[in-house]
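Good morning, and thank you for coming.

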Amino acid sequence: VVVIVSVITVVYNNVDHIKSTIQSVLSQEYSSIEYIVIDGGSTDGTIDVIEKYREKMRKGVEERASEIFLSISNNAENYAGLKINSDFTVNILNKKDTMDAGSGAQSLVTAYSVIDALAQCSGIEFPLIIDTPGRGLGVKNLNNVYTHFLKTNPQVIFLPNDLELDPEFGDKNYGKYVGTTYELSKVEGDRTEVIPRIKELV
């Protein structure tokens with residue numbers, strides 16, 4: 001069990017010390033830290049220091065999310081990456097570095113990319129559960145998504161239907177990455193039974 005430690009810094013007009021305070025928290029060896037900085041409306045430059053760290057973190061997540069997006073998108077050759085704006089909305093950038101509307105499938109890939117980038121950049125491992133992961137994704141895109149998460153995320157659970165991932169095909173291609181696979185079988189009425197299908201995969 002990973003214990004997340006929350007550290008909260010409350011500051012007001014303390015530009016001389018806020019940088020060293022932030023650095024002290026960020027330099028801790030324990031990685032599962034949630035860090036919250038609350039400014040009381042400083043006017044001495046404290047907010048500017050805080051914003052520099054905020055921007056650095058935003059940029060780090062943006063770069064990692066772009067790398068993931070380009071590795072799992074089936075149209076990577078048309079894109080330059082992702083842009084995470086200051087208000088934390090996300091845009092897909094094309095090769096001309098202009099915003100691209102993208103398709104519904106690419107929007108889903110964008111969401112996967114940002115979620116995984118946040119996990120990787122925070123250093124905090126958390127279980128990722130993806131229900132019907134193949135909504136609107138083509139075969140190549142879906143295979144890229146499965147392969148990426150099964151190789152990089154130690155706690156991922158996919159809940160695909162048979163149209164998104166044929167059980168036999170899934171076991172054959174991804175069996176070496178997973179602990180077990182399950183099948184949901186309707187028993188009666190609204191009751192569903194969870195059946196371990198394969199306990200030991202090659």
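Helices here are DSSP runs of at least four residues, numbered from the N terminus. In that numbering, Val61 is found in helix H2. Please keep in mind throughout that this is a predicted model.

Let us stay with Val61 for a moment. Is Val61 buried or exposed? Its relative accessible area is 12%, and since buried means under 20%, Val61 is therefore buried. Setting aside neighbours within four places in sequence, Val61 has contacts with Ile84, Ala117, Leu118 and Cys121. Gln120 stands 59 residues from Val61 along the chain, yet the C-alpha atoms of these two residues are separated by 8.5 Å.

One of those contacts, Ile84, leads us to the sheet. Ile84 stands opposite Val90 in E4. The sheet itself is open and has three strands in the order E3-E4-E5, with antiparallel pairing. At its edges are strand E3, residues 79-84, and strand E5, residues 99-100, each of which pairs on one side only. Between E3 and strand E4, residues 90-94, the antiparallel pairing extends over five bridges. Helix H2 lies across E3 and E4, and runs at about 145° to E3.

I turn now to the packing of helices. In general, two packed helices are described by the angle between their axes and the distance between the axes. For helix H2, residues 46-72, and helix H4, residues 139-152, the angle is about 130° and the axes are 8 Å apart. The two helices are therefore oblique to each other. On the H2 side, the contact is made by Ile68, Ser71 and Ile72, and on the H4 side by Asn141, Asn144, Val145 and His148. Sorted by class, this contact has three nonpolar residues, four polar residues and no charged residues.

Finally, let us consider charged side chains. How many salt bridges does the structure hold? There are six salt bridges. In one of them, the side chains of Glu55 and Arg58 meet at 2.6 Å, N to O. These residues are three apart in helix H2, which means that about one helical turn separates them. Glu55 is partly exposed, at 39% relative accessible area, whereas Arg58 is buried, at 7%.

Glu67 and Arg64 form another salt bridge, with their closest N and O atoms 2.8 Å apart. They too lie in helix H2, three residues apart. Glu67 is partly exposed, at 47%, and Arg64 is partly exposed as well, at 24%.

Key
Residues numbered from 1 in each chain as written. Predicted model: local features only at pLDDT ≥ 70, side-chain atom pairs only at ≥ 80, totals over all residues. Heavy atoms only, no water. Axes fitted to C-alpha atoms, helices over the stretch in contact; angles between N-to-C directions. Parallel < 35°, antiparallel > 145°, perpendicular 65-115°, else oblique. Contact = heavy atoms within 4.5 Å. Nonpolar A, V, L, I, M, F, W, Y, C, P; charged D, E, K, R; others polar. Pairing = 2+ DSSP bridges. Buried < 20%, exposed > 50% of the residue type's maximum accessible area, 1.4 Å probe, protein only. Salt bridge = Lys/Arg side-chain N within 4 Å of Asp/Glu carboxyl O.
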